[in-house]
Amino acid sequence: MRKGIVASALVLGLALGSAASAAQVEAVSAARLLDVASGKYVDNPLVIVTDGRITSIGKKGDAVPAGAKVVDLPGATLLPGLIDMHTHISALAEIGGYNSLQYSDRFWSVVQTANAKKTLNAGFTTIRNVGSDAFDDVGLREAIDAGYVVGPRIVTATYAIGATGGHCDSTFFPPSMDQKGPYNIDSPDEARKAVRTLKKYGAQVIKICATGGVFSHGDEPGQQQLTLDEMKAVADEAHMAGLRVAAHAHGAAGIKDAIRAGIDTIEHASLVDDEGIKLAIQHGTYFSMDIYNTDYTQAEGKKNGVLEDNLRKDRDIGEIQRQNFKKALKAGVKMVFGTDAGVYPHGDNAKQFAVMVRYGATPLQAIQSATITAAEALGRPKDVGQVAVGLYGDIIAVGGDPLADVTLLEHPVFVMKGGQVVRQP
């Protein structure tokens, strides 16, 4: 009798173990799939995702693995999950200027979870977060990866590195309050130390502020704030550690020195000149130009508490940046999709696609900037950026043809991240 009980328990244990280890399979079909590499449509696709990775791409009507969860999206177009290369996930556009002081430090740690969910529901399955306080973005990434919070895959920069008194420093307070950015640098040696420390605490990309900014105090966007040697020290140290570097750079001189220093992506690039464009092409540097958010800040910024001087700087460079986007794109600079989410409300990321098309991009170029090209800039083309065998099952769908109407991307009807369905009709 005892042997029978042991045998029964063994059989039950094996059955439970088999069930626990059974693969999770999703089968997604639609009217068409956009191959972002070729720009061509695949009609009636059937995409199989097994344990979070794409395992096959066939045709609707092909055999579906036993036990697979089937999602059919008639009339819809499948695309890769979108990538936003410039976000501030713990920021709120609706709380600007000194209004933020009404909230405690940990308020931002909490609201970022809602921002993350909005971003994922909007079809952005991967984001690069280029700056947050208190290592909030690292904590959010860990919570999402562990399954406690719903949100996109996050590449974290933690704190941004800037010069004393520069855009990434704390410049809105008098000396008596002794506010300062914790990772200010004023020499190449300090730059190296900052990179090492940030990597130690969770940075997966390094963010620097090479020039002045729009939403800082006491500077102008065109002013260079880090030297070539300081930026080179950051780039060398980061690359030695296997990290890429993003440089906030509005001004022409700062952009050019950042490119010469080996920085991987230039953020904003608002006042870039012809020489800077040529350097970017020569060095293979990516531009991440946030050409949508001016629409929001000029319409809503004053109501949200943004100071007039910041709105003035935004007005001064908004149209110049858009024209330079058009010029750089036409010249052949590699463009990645970066929106500065947090300057406008999270979840509206896809509104930038229409602005990119208005200023010279084809719908395909705009989509590629948020998929295959962004994945290359991240150094993760084997993980994200395409619907292809071996990559993560990051898939969205829109209700029509996004090459005919890019605004369809503002309203995805289906979102899957890593094989998990997040949004569906």
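Okay, ground rules. Residues count from 1 along each chain as its sequence is written, and side-chain values use heavy atoms, with hydrogens and water left out. Since it's a predicted model, local features need pLDDT of at least 70, side-chain atom pairs count only at pLDDT 80 or more, and totals for chains, interfaces and linings use all residues.

Let's start with the sheet. Helices (H or I, at least four residues) and strands (E, at least two) are DSSP runs, numbered from the N terminus. Three strands make an open, parallel sheet, ordered β6-β7-β8; strands pair if DSSP finds at least two bridges between them. β6 and β8 sit at the edges with a single partner strand each, so one side of each has no neighbour in the sheet. Four bridges join β7 to β8, and Thr126 has Arg153 in β8 as its bridge partner.

Next, Ser90, in the loop between β6 and α2. Buried or exposed? Ser90 is at 11% relative accessibility, so it counts as buried; buried is under 20% relative accessible area, exposed over 50%, partly exposed in between, with a 1.4 Å probe and protein chains only. Ser90 touches residues including Trp108, Ser132 and Asp136, where contact means heavy atoms within 4.5 Å.

Last, α8, residues 293–304. Its buried residues include Asn293, Tyr296 and Gly301, and the buried residues of α8 pack against α9. On the face turned away from that buried side you'll find Ala299, Lys302 and Lys303, which are exposed.

Definitions and conventions
The expected span of a helix is 1.5 Å times one less than its number of residues. Lists of a residue's contacts leave out its neighbours within four places in sequence.
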